[in-house]
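Q: Could we go through this structure together? I would like to begin with the annotation and then move on to the chains.

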Protein chains: 2
Amino acid sequence: MAAQPRDVVEQYVKLVATGPTEEIVQLYAEDAVVEDPIGSEPRRGHEKIRELYAALEAMERETELHTVKVAGNHAAVSFTMVGTFSGQRMTLDPIDVMEFDDEGKIISMRAYWGPENLKMEPIQ
Amino acid sequence: MAAQPRDVVEQYVKLVATGPTEEIVQLYAEDAVVEDPIGSEPRRGHEKIRELYAALEAMERETELHTVKVAGNHAAVSFTMVGTFSGQRMTLDPIDVMEFDDEGKIISMRAYWGPENLKMEPIQ
């Protein structure tokens, strides 16, 4: 049975915190397209998408899921990621929207966030 | 000066509660496209879009804005609308994503919500 959008979204937010990168990548269809943030150069396919999440590996991360809205094979999710590295704490709280194929793989992800949603601060 | 996406979104959520319908419609560009919910038949242009919001006129409404994420000429907004009519209370809590033109008019709106985000209950 195909994975359900809500389950995939919950798994996604969990894996963004824990990794491994490859498990995040495997939530995506082979030819998926990611715009993070929306309006930036789209990343098409597993190789380009992997680069995005591999960049997280340098950080200790936590995520908190706030809300998921599912409409058929579409979903929107609000969550917060806190990452720490080199004495800095980064907090990002985007809304990501995703579209899924019939197998429950993500075929499109677009992340809504701007400068106001990204905070960097030194760890006390 | 063109209206800023964040201001338009805040105005939108306010007008969904208060009307008038025509002011909501005027937030949209002439050839805007609305999918509410996403996956449903798109409504293109002011006339079709007006029908959607005119349907709210039968209700007393309140809205509460939860969060807005702005990325350039894109925005995502989470809000709740509570409407009452005929002894029923309807609660809808969607995430809407919007794209804006250079004048700050909405050219695309897609609403993420499903059955879990729509509650109907009798007023006590």
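A: For chain A, UniProt lists "domain: SnoaL-like" at residues 9-108, in an unreviewed entry. UniProt positions are given in the numbering used here, feature names are shortened, and annotations may be inferred rather than shown by experiment. This is a predicted model, in which local features need pLDDT of at least 70 and side-chain atom pairs count only at pLDDT 80 or more, while totals for chains, interfaces and linings use all residues. Residues are numbered from 1 along each chain as its sequence is written, chains are lettered from A and ligands numbered from 1 in the order in which they are written, and side-chain values use heavy atoms, with hydrogens and water left out.

Q: How much of residues 9-108 of chain A is helix, and how much strand?
A: Residues 9-108 of chain A are 24% helix and 48% strand, with the end C-alpha atoms 12 Å apart. Helices (H or I, at least four residues) and strands (E, at least two) are DSSP runs, numbered from the N terminus.

Q: And which order do the elements of chain A follow?
A: Chain A has 3 helices and 8 strands, and from the N terminus on they run α-α-β-β-α-β-β-β-β-β-β.

Q: Which salt bridge does Arg50(A) form?
A: Arg50(A) pairs with Glu22(A), the closest N and O atoms being 2.9 Å apart. The pair links distant parts of the chain, from helix 3 (residues 46-54) to helix 2 (residues 21-25) of chain A, 28 residues apart. A salt bridge here is a side-chain nitrogen of Lys or Arg within 4 Å of a carboxyl oxygen of Asp or Glu.

Q: Turning to the interface, what area is buried between chain B and chain A?
A: About 1,600 Å² is buried, and carbon and sulfur atoms give 61% of that. Lys69(B), Ile95(B) and Tyr112(B) lose the most area on the chain B side, together 37% of what that side buries. Buried area is the accessible area (1.4 Å probe) that two parts lose on being put together, summed over both.

Q: How many residues does each chain give to the contact?
A: Chain B gives 20 residues and chain A gives 20 residues, contact meaning heavy atoms within 4.5 Å.

Q: How many salt bridges cross between chain B and chain A?
A: The rule finds 4 salt bridges across that interface. One salt bridge joins Glu116(A) to Arg6(B), with the closest N and O atoms 2.3 Å apart.
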